[in-house]
Every structure is written in structure tokens, then in C-alpha cells.
Amino acid sequence: MVLLLAVPSSMPLRQLTMPRIVVLAYEYQGIPYSWGGGHKERPGPSTGTCQGYTGKIKPCPARRTRGLDCSGLTRLVYARAHGYDVLGPGNTDDHLRRMRKVTDPRPGDLVFFGKRRTHHVGVYLGDGKMMNAPETGAVVRVDDIAGRKHLRGYYRL
């Protein structure tokens, strides 16, 4: 008896071995960044807020930009991976408190940045890379972790 595995030609072989969180994170590449985006009652792209905005683009475009900020991205990816809003609303500090720090980062962990308080988060993809919602004017994309200041560490539920 011969067993054949059929794989759609559009699916990269690597995707078959990636953790679900990583596969989901890749689905949001190209979504616009929006300060406060992704923080409505349910996770997902939304218009943002200009409250607390300190970005370079003036005036603040968040109220008219449907997208995600960094914690909105991680909230959405984790909600889809776990089947419910496991991180809940809030900012990076709120999400950090729900997780535990790890010294053996694995793809799908969250990577946080900040000194006393956190100011940024991304989804760790492996090989020193993260899925990142970086700043106003950008889109969700893959970035090098080494390119960001104040690495706080890797965290997992």
C-alpha cells in the first residue's frame, strides 16, 4: 500500500510545520498600522484613537485609519489561535502581566520591548524575526528583532 500526501501547490512546505500562531500572524501582513487599532470590544482591525498619540505624521490619522497597532495585532492573533480573546483589551503592559517570561523563545511567543514599562510587542517568528505593527504610516510586516531598542524578553501563556 502506498500513501500519498496531497499538498496544495500554493501552500509553502514550511507552513505545514509552523505553529498556528505564526501562520495566523502572516495572514495580517500588509494591514495598515493605526494607533489604538484592534482595541474595540472584539479583537480585529478597527479605527484607532488619537489619545496619547506622539507619532511623526501630523495630524494624527488614527481616527480615519482602519488597522492594528502592535498590541492589537498580538491580541487578534492570540484570540484566533486560542478561540477566544485570551489577552483581552489593554496595552502591552496589560498583556505582559497575563504571560510568563521564557528563556527558550519559540515561534509564536510574544516579544516585548521597554524598560520599566513596555512600549512595543510583536509575534516571534523564529530566526531573530517578528511579525510587527511598527508605527503610523507603516503596515504589519516582518522585521528583525535586533533592529529595535530595549528588548524586554520573550513571553508565553
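Where does Pro105 lie? I found Pro105 in the loop between strand E3 (100-102) and strand E4 (110-114); strands are DSSP runs of at least two residues, numbered from the N terminus.

Before going on, I noted that this is a predicted model, where local features need pLDDT of at least 70, side-chain atom pairs count only at pLDDT 80 or more, and totals for chains, interfaces and linings use all residues. Residues are numbered from 1 along each chain as its sequence is written, and side-chain values use heavy atoms, with hydrogens and water left out.

**Pro105.** Leaving out residues up to four places away in sequence, Pro105 touches Tyr124, Tyr154 and Arg156 (contact means heavy atoms within 4.5 Å).

**Aromatic pairs.** I searched the whole structure and got three aromatic pairs (ring centres of Phe, Tyr or Trp, the last by its six-membered ring, within 6.5 Å; planes under 30 degrees apart are stacked, over 60 edge-to-face, the rest tilted). In one of them, Phe112 and Tyr155 have ring centres 5.3 Å apart and planes at 85°, so the pair is edge-to-face. This pair links distant parts of the chain, with Phe112 in strand E4 and Tyr155 in strand E8 (residues 151-156), 43 residues apart. Phe112 is buried at 0%, and Tyr155 is buried at 8%.

Terms used. Helices (H or I, at least four residues) and strands (E, at least two) are DSSP runs, numbered from the N terminus. Buried means under 20% relative accessible area, exposed over 50%, partly exposed in between (1.4 Å probe, protein chains only).
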